[in-house]
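Subject: Structure handover

Dear colleague,

Here is the structure for your files. My notes on it follow below.

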Amino acid sequence: MPVKPDPAGFPQRRCSDVCSVTAAQMRDVQRLAQEEFGLDILQLTENAGRSAAILAFAMLGGRGRGQRVVVLAGGGNKGAAGLAAIRHLANWGCRVEPVIGGVEEEVSFTARRQLHILRQTGLLQPADLETSEVRLEEQLAGADLVIDALVGYGLEGPPVGVAAAVTRLAIESRRPILALDIPTGVNATTGEVSTPAIRAVTTLMLDLPKRGCLDPQARGMVGELYLADIGIPLNVHQRLGIPVGQLYAEGPIVRLRR
């Protein structure tokens, strides 16, 4: 069954009616949520991962009967969210293959925790940490859907190192890609597109729309736009002067229409 870039069943909002944020503003939101409201970054990445899994499942037609999903996971919080999505998709019947786009010893605390969980559940095998170009090409060729969880909104230039190599192979595979928060290689504030950069059929932004995703120059890279609530209290946004209103009043994942 072909992947649906714009699955139905989600409430809709116009992009023009929703407040977008820069990377710096998003950092302020996350900092305030953690430091003054007591949210744990593990909570946020867990919520992001479940949201990603829900949208991915809908894109697959609401069926997980052996459909193959490849998750490209970097070493930061975006990667942790992608790794968290693996458990849910596996529970729902998908065949999920993690691809680690970095060195394990250098990943964040959140990504390290998710890797540990996947090991304990048997969803992460030693070979998954030693991905070769040939093996990744084979994984991507057989994927029904690829999830881009390589590099988050903090990236201001092109991906480098392993992340860059994985990005290039994902582009060459021409498989449908769901990007988390913003496609790797697209600037979250300006929308500037680096080389290489992921061309997604769908992008699931987290908490608030990233301004770069809405910029005209990024339109061909982000595809269809969705937005997920990851549990950050409205008070956090209000404290920072960011009007959110009743954005999620009809559900925790919203489709944004241009």
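An angle between axes under 35 degrees counts as roughly parallel, over 145 as roughly antiparallel, 65 to 115 as roughly perpendicular, and the rest as oblique. Axes are lines fitted to C-alpha atoms, for helices over the stretch in contact, and the angles run from 0 to 180 degrees between N-to-C directions. Helices (H or I, at least four residues) and strands (E, at least two) are DSSP runs, numbered from the N terminus.

This is a predicted model, in which local features need pLDDT of at least 70 and side-chain atom pairs count only at pLDDT 80 or more, while totals for chains, interfaces and linings use all residues. Residues are numbered from 1 along each chain as its sequence is written, and side-chain values use heavy atoms, without hydrogens or water.

Helix packing

The axes of α2 and α4 (residues 109–121) cross at roughly 60° and come within 10 Å, so the two helices are oblique to each other. Ile41, Leu42, Thr45 and Glu46 of α2 are in contact with Phe109, Thr110, Arg113 and Gln114 of α4 (contact meaning heavy atoms within 4.5 Å). These residues comprise three nonpolar, three polar and two charged (Ala, Val, Leu, Ile, Met, Phe, Trp, Tyr, Cys and Pro being nonpolar, Asp, Glu, Lys and Arg charged, and the others, Gly among them, polar).

α3 and α4 have axes that come within 8 Å and cross at roughly 20°, which makes α3 roughly parallel to α4. Here the crossing is left-handed. From α3, residues including Leu83 and Ile86 take part in the contact, and from α4, residues including Leu115 and Leu118. By class, this contact has eight nonpolar, three polar and one charged residues.

Largest pocket

The largest pocket has a volume of about 580 Å³. Of its 33 lining residues, Gly76, Asn77, Lys78, Gly79 and Gly152 are the closest to its centre. (A pocket is an open set of points on a 1 Å grid over the protein atoms alone where a 1.4 Å probe fits, with protein on both sides within 12 Å along at least five of seven lines; lining residues have an atom within 4 Å of a point. Points are joined across faces, edges and corners, and the volume is the space filled by probe spheres set on them.) α1 (23–35), α2 (41–59) and α3 (77–91) each supply at least two lining residues. The lining divides into 18 nonpolar, eleven polar and four charged residues.

Backbone

The peptide bond from Thr195 to Pro196 is cis.

Regards

Technical notes
Left-handed = near helix turned anticlockwise from the far one by under 90°.
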